[in-house]
Structures are given as structure tokens and as C-alpha cells.
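Trainee: Please take a close look at a single part of this chain. I would like to know where that part sits and what surrounds it.

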Amino acid sequence: FDASAVDYLLKPIRRGRLKEALQRARTLTGRQIESIEARDPGAGKARTHVSASLKGNLKLVPVDEVRFFRAEHKYVVARHAHGELVLDDALNALEEEFEQAFIRVHRNALAAIGHVRALEKCEGGGYRLTFDGVDSAVEVSRRCLPVVRRALKGRA
């Protein structure tokens with residue numbers, strides 16, 4: 001109970017008592033939430049940097065310099081003003097963590113809405129985003145296009 005336990009069971013374990021204990025474990029009290037936050041005050045906050053190992057060294061890039069994240073095979077590439085960084089993070093996890101600054105523009109890409117230079121129409125009828133400070137562009141899917149347009153208009 002010093003470690004904020006919610007219940008305990010004694011042998012022999014009865015089905016009804018086990019259900020009761022599991023129900024208590026599903027709902028956290030305010031005291032338990034405070035205890036968890038006290039142990040990890042940074043919980044629930046987005047990182048300020050993304051990182052990757054590069055030739056035995058740890059490379060850090062500020063998130064506000066990242067123009068987009070794109071999933072390529074098993075990894076995610078973070079494109080920033082000074083190059084690229086290959087991350088081990090999943091695109092869905094990055095989307096959840098950085099939802100304030102990045103939006104989903106394609107099933108394999110997130111874009112930093114604050115760094116978008118233009119939404120351009122391509123020859124084949126599709127659309128792509130270009131960014132300040134990088135030569136790369138990101139394709140925008142038809143499904144995500146209305147959300148991207150709203151985000152860009154909201155930024156103006």
C-alpha cells in the first residue's frame with residue numbers, strides 16, 4: 001500500500017473477489033494520479049527534441065526544426081533544415097505526442113504545419129506540401145486534403 005496498491009487478494013482466490021479487485025484497479029483515484037505524477041512530472045508532455053544513434057553517437061534535433069516525419073519501411077525519417085534523422089519511433093506515436101504541431105497529411109507522413117511554404121497541385125492531380133528551408137516535399141492524400149486545407153487557412 002506504500003506503493004499505492006489498490007487492493008490485495010488472499011488465497012484461495014474467489015472469482016467474485018478477483019472481479020472486485022480488478023474493478024478497483026481500473027479506476028484510479030485522485031491520490032493515485034498525484035502519486036504517479038509526483039514520480040514522473042514529465043509524463044504526458046511532448047519531448048522538445050527527437051534523437052537517434054548515429055555511428056555510436058546520439059544526435060539530437062529540436063522538434064521545432066523538424067519539417068516532417070515520413071515512414072519509410074521499418075523506420076521513420078525526420079526531415080529537418082540540416083538533413084535527415086532516422087528514428088525508431090512509430091509514426092502513430094509521434095502523431096499522438098506532437099499533435100499540437102504536426103498533422104497527418106498521408107498514411108505515411110506527418111507535417112509541421114508551422115513550416116509549410118505551400119500546398120501545390122501536382123501534374124497527376126494530387127497535392128503536395130513544400131516546406132521552408134528544405135528541398136523535399138510530402139504528398140498529401142485525398143483523404144487528408146480537407147484537414148490540411150483547414151489547418152493552413154487557420155494558420156493564415
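Mentor: Accessible areas here come from the Shrake-Rupley method with a 1.4 Å probe. On that basis, the chain exposes about 11,200 Å², and carbon and sulfur atoms supply 50% of that area. The model is predicted.

Before the close look, some context. The chain has 4 helices and 10 strands. Read from the N terminus, the order of elements is α-α-β-β-β-β-β-α-β-β-β-β-β-α. Of its 156 residues, 29% count as buried. Among contacts with a separation of 6 or more, 39% are between residues 24 or more positions apart.

The part to look at is Thr-130. Thr-130 belongs to strand E9, which covers residues 127–131. Buried means under 20% relative accessible area, and Thr-130 has 8% relative accessibility, so Thr-130 counts as buried. Leaving aside residues up to four places away in sequence, Thr-130 touches His-115, Val-116, Arg-117, Ala-118, Glu-120 and Ala-137.

For contrast, consider Ile-13. Ile-13 is in the segment before helix H1, and that helix spans 15–26. The cut-off for exposed is over 50%; Ile-13 has a relative accessible area of 52%, and therefore Ile-13 is exposed.

Technical notes:
Residues are numbered from 1 along each chain as its sequence is written. This is a predicted model: local features need pLDDT of at least 70, side-chain atom pairs count only at pLDDT 80 or more; totals for chains, interfaces and linings use all residues. Side-chain values use heavy atoms; hydrogens and water are left out. Helices (H or I, at least four residues) and strands (E, at least two) are DSSP runs, numbered from the N terminus. Buried means under 20% relative accessible area, exposed over 50%, partly exposed in between (1.4 Å probe, protein chains only). Contact means heavy atoms within 4.5 Å.
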